[in-house]
Number of protein chains: 2
Amino acid sequence: MTTMRAPNPDHQAPKGFQYYPPPLEPVEPGPRRTPAEEARTLLANSDVATLATLSEDGTPWASMIMFGTLPDGSPTLMVSTLAEHGRNLERDQRGSISVMSPRRGPDPLQNGRVTLAGRFEKPEGERREAARQACFDAMMYGKVYEKFGDFSVWVLNVERVRWVGGYGVMGSDDAASYATAEIDPTAPNAEHAVEHLNDDHADALLLISQKLGGYPDATAAICTGIDRYGMDLSIDTPRGKAPQRIGFAERCEEADGLRMATVELARRARTA
Amino acid sequence: MTTMRAPNPDHQAPKGFQYYPPPLEPVEPGPRRTPAEEARTLLANSDVATLATLSEDGTPWASMIMFGTLPDGSPTLMVSTLAEHGRNLERDQRGSISVMSPRRGPDPLQNGRVTLAGRFEKPEGERREAARQACFDAMMYGKVYEKFGDFSVWVLNVERVRWVGGYGVMGSDDAASYATAEIDPTAPNAEHAVEHLNDDHADALLLISQKLGGYPDATAAICTGIDRYGMDLSIDTPRGKAPQRIGFAERCEEADGLRMATVELARRARTA
């Protein structure tokens, strides 16, 4: 697994290009989810993706699909051979799906998205039964489609995971990491927690930036994301805006753990 | 151009399967946008898509991108070779993009989406200038990316258009139809018009269904979509729910034309 952070040394940046103002105090950025954990969590909370398959003339074909997910994270589809992607899969089982997190904020390139690539197969036995159920759970008329002879159930056996979380926050993982990665139980509560922090606790976010984030010159801060490991801040300073990652004391183990974790963080900032 | 409507005779439906209750009076479904017009209109009102390219091992690779659009409808991208899709395009210019309309309603498979397939090229001269500008318009930091040596501007020369508008409403178009198709000027006002019709004019929608839609047994109706050519209704009857398309007397030529067109439709229903 590799996770890159801005500034990315591989960019062919123009001479003298300024990324973000660096912290004024040496601070290790907080831990975050692995790319595999990001992918498992995003899929667990999504039902729409874009599928890439190979069309008859060799052109890669992007098309919208709905999907379910097996307990091991494998995406499942139920598609018709009346659709080009269905015919493509019958011919060539190589493919990938891309899942985007819901649009939020002014710049979609700051939103998380993931690509899972591998080979599709028509599952058999218990795996087929689980895949059917996962499709039914995802698609409101899945049980109707299944009665049509032109629909088939497919499972993507994931070989490669690529996650992009925003500028300079990205990474790759392999099949084994993906299959064993945990879904973040706090994810369904993250959006509400971010709104609550920004609406009601701007003072705490500022103090966290100054005392724990390495930006004693911070003048304001907003929370741009939160998960079981910590929070992402966008910090205003007289030197410009900077992103920073602040880790929780401990990983949240429960869906409702974000409140306790952020209270602890604010307490730590006040006594730092 | 082919546009199919439910019931699709090609589906391998189970014996005795019931699609929708048919109209009780013979009514020709109203006209609708061509697949090329749907595609041009959706792209004109979107900035995020999923790109399908060919990875080094031959697997089709789906990944999120932002895009602009040239006056002839060609999508434009600015991508880095640090991203797998950027490296893929350098190696093989065949590809496609899929654009989805914003999620609305309980079933995403009823939402419009389009695939544009063809070949990417690095444009030159005036076309390159126009493509750069289109990327800048779409991406808030496009002018920053352009200064990095690893970013390139690409244009997709569209060869095939595939549009899916929902169940049984879909079609294909070719490059010439796409290049000359018009963008629907009413599209930015459509969502508001649908809400207004459903909130304040349920009685008119019901009357339209009974008098113009061929469903004299309608008991209620909601508008599920509207465009320059007409509106889509979901009609409740004692025999079940049915979709119907109602055409306007004339195509709307202006962005604010939907109000006049729906008023005319309601008047026609009252005097029918």
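Me: Before the symmetry, how are the copies superposed here?
Reply: By least squares on the C-alpha atoms of residues with pLDDT of at least 70 in both copies. Keep in mind that this is a predicted model.

Me: OK. What rotation superposes chain B on chain A?
Reply: A rotation of 180 degrees. The shift along its axis is 0.0 Å, and the RMSD is 0.0 Å. The two copies are thus related as by a two-fold rotation axis.

Me: And the interface: how much of chain B's set is also interface in chain A?
Reply: 100% of the interface residues of chain B are also interface residues in chain A, so the copies meet through the same surface.

Me: Switching to cavities. How many of 30 Å³ or more?
Reply: One. The largest cavity holds about 40 Å³ of space.

Me: Which residues line the largest cavity?
Reply: From chain A, Ala117(A), Gly118(A), Glu159(A) and Arg160(A). From chain B, Asp57(B) and Thr59(B).

Me: Which strands of chain A supply at least two residues each?
Reply: Strand E7 (113-121) and strand E8 (151-166) of chain A.

Me: What's the lining like by class?
Reply: Three charged residues, two polar and one nonpolar.

Me: New topic. What does UniProt list for residues 191-265 of chain A?
Reply: "domain: DUF2470", and the UniProt entry is unreviewed.

Me: How much helix and strand is there over that stretch?
Reply: Residues 191-265 of chain A are 37% helix and 32% strand.

Me: And how far apart are its end C-alpha atoms?
Reply: For residues 191-265 of chain A, the end C-alpha atoms are 18 Å apart.

Notes. Residues numbered from 1 in each chain as written. Chains lettered and ligands numbered in written order. Predicted model: local features only at pLDDT ≥ 70, side-chain atom pairs only at ≥ 80, totals over all residues. Heavy atoms only, no water. 1 Å grid on protein atoms, 1.4 Å probe; cavity = no way out; pocket = protein on both sides within 12 Å on 5 of 7 lines; lining within 4 Å. Points joined across faces, edges and corners; volume = space filled by probe spheres on them. Helix = DSSP H or I, 4+ residues; strand = E, 2+ residues; numbered from the N terminus. Nonpolar A, V, L, I, M, F, W, Y, C, P; charged D, E, K, R; others polar. UniProt positions renumbered as here; feature names shortened; annotations may be inferred. Contact = heavy atoms within 4.5 Å.
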